[in-house]
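Student: I would like to learn how to read this structure, from overall shape down to single residues. Where do we begin?

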Amino acid sequence: METTIVQLNEWVVKLPKKLEVLSEAAASNRPAPKNWSPKEIAGHLCDSAIHNLQRFINVQHEKTPLALTPYKQDE
């Protein structure tokens, strides 16, 4: 678990620096029609993190087993 925490912390520092150097065109560029652009990947990671945080909060307060709502990643 320590390794995972260290790696996540490293990416919290690295990712903004990697995105800062991209032009708007490069950040929006899809390498292939079905592949996401760097901007879409970063947006997906943020959206997914918020979605999962809500799950962690809800599971602590639910009286019945938590019903997981599906994540609509393509929408």
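Tutor: Begin with burial: buried means under 20% relative accessible area, exposed over 50%, and partly exposed in between, with a 1.4 Å probe and protein chains only. The model is predicted, so local features need pLDDT of at least 70 and side-chain atom pairs pLDDT 80 or more, while totals for chains, interfaces and linings use all residues. Residues are numbered from 1 along each chain as its sequence is written, and side-chain values use heavy atoms, leaving out hydrogens and water.

Student: What percentage of the 75 residues counts as buried?

Tutor: In this protein, 7% of the 75 residues count as buried.

Student: How many helices and strands does the protein have?

Tutor: Helices (H or I, at least four residues) and strands (E, at least two) are DSSP runs, numbered from the N terminus. Here there are 3 helices and 0 strands, in the order α-α-α along the sequence.

Student: Which residues form the nonpolar patch on the surface?

Tutor: Patches take residues with over 30% relative accessible area and no salt bridge, joining like charges within 9 Å and nonpolar side chains (Val, Leu, Ile, Met, Phe, Trp, Tyr) within 5 Å. A salt bridge is a side-chain nitrogen of Lys or Arg within 4 Å of a carboxyl oxygen of Asp or Glu. Areas come from the Shrake-Rupley method with a 1.4 Å probe; for residues, only the protein chains shown count as cover. The patch consists of W11, L15, L19, V21, L22, I41 and L45, with about 610 Å² of accessible area together. Helix α1 (2-20) and α3 each supply at least two of its residues, and the largest share, 3 residues, comes from α1.

Student: Is L45 buried, partly exposed or exposed, and why?

Tutor: L45, in helix α3, counts as partly exposed because its relative accessibility is 47%.

Student: Where does S37 lie, and which residues does S37 touch?

Tutor: S37 is in the loop between α2 (24-28) and α3 (38-61), and counts as buried because its relative accessibility is 2%. Contact means heavy atoms within 4.5 Å. Leaving aside residues up to four places away in sequence, S37 touches A27, S28, N29 and R30. The S37 side chain also reaches the backbone oxygen of A27 at 3.3 Å.

Note on methods
Polar contact = N/O pair within 3.5 Å; in protein donor to acceptor, adjacent residues only side chain to side chain.
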